[in-house]
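Please open the structure in a viewer and keep the selection panel at hand. The stops below proceed from charged pairs to a sheet, then to a loop and the chain as a whole.

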Amino acid sequence: MTLSSCILITIPVCISAILMQTYFDSRKYKRIPHLIVLLSFLFPTLSHAQYIDNENCRISFKSYENHQGKLEYNKEGIIYQFIPNSNAWKVIIKNNTDETVWLNWKQASFIVNGRASGISLYPFTTDEAPLETIKHNQEINRTITATNLITEKGISKIYHKKKFRKNGRTSVTIVFPMTVGNKPQFFHTFNFTVTKDN
């Protein structure tokens, strides 16, 4: 979270703490407002999913709350789990809905620092990725990277720890076009920030 987000969260909590202290006997409840202010400063850390990869880079969701050490998100019975690596990311998608889910890899995107690209599945080839079916109570497990990172010389890294300057970061966005049952296709976007773990 940015400093402005922290401030926007902290201000209402502080106002609530002051109102509570005014309303209640200040001697009896004097520790409660201090605890609320302390929790408001800890909230951005607690609400940010942080995963440390094999190169000691920290990967975090930009907008989703999560548990420490996991990059997992549940939306309407579909669980998305990400296991990042500097070369490629493993994605596990579990279908806990009563419907069949289709993932259109051809229209999926893997965006690194604003450079849009398609998704290539492992083993990495230049072939187009297929439409994939995930039935009820099943899951798929795929390793993916951006197609524009695959060259004749080999596969480039998604991010380089050595290239991170002080406070440097890489942004990664993954877009999945999904169809659930007879509903229209929707595009589910996941935004991540990659920083060097100090």
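A search of the whole structure returns 2 salt bridges, a salt bridge being a side-chain nitrogen of Lys or Arg within 4 Å of a carboxyl oxygen of Asp or Glu. The model is predicted: local features need pLDDT of at least 70, side-chain atom pairs count only at pLDDT 80 or more, and totals for chains, interfaces and linings use all residues. Residues are numbered from 1 along each chain as its sequence is written, and side-chain values use heavy atoms, with hydrogens and water left out.

**Stop 1: R142 and E132**

Select R142 and E132, whose salt bridge has its closest N and O atoms 2.2 Å apart. R142 belongs to strand β10 (residues 138-146) and E132 to strand β9 (residues 131-134), so the pair ties together parts that are 10 residues apart in sequence. Helices (H or I, at least four residues) and strands (E, at least two) are DSSP runs, numbered from the N terminus. Is E132 buried or exposed? E132 is buried, with a relative accessible area of 11%, whereas R142 is partly exposed at 28%. Buried means under 20% relative accessible area, exposed over 50%, and partly exposed in between (1.4 Å probe, protein chains only).

**Stop 2: K75 and E76**

Next, select K75 and E76, whose side chains form a salt bridge (3.9 Å, N to O). K75 is partly exposed, at 28% relative accessibility; E76 counts as exposed, at 62%. K75 also has a bridge partner in β4, namely I78.

**Stop 3: the sheet**

Two strands pair if DSSP finds at least two bridges between them; β3 and β4 (residues 78-83) are joined by 4 bridges and run antiparallel.

**Stop 4: K183**

Move to K183, in the loop between β13 (169-180) and β14 (186-196). K183 counts as exposed because its relative accessibility is 53%.

**Stop 5: the whole chain**

Finally, select the protein chain, which has 2 helices and 14 strands. Of its 198 residues, 37% are buried.
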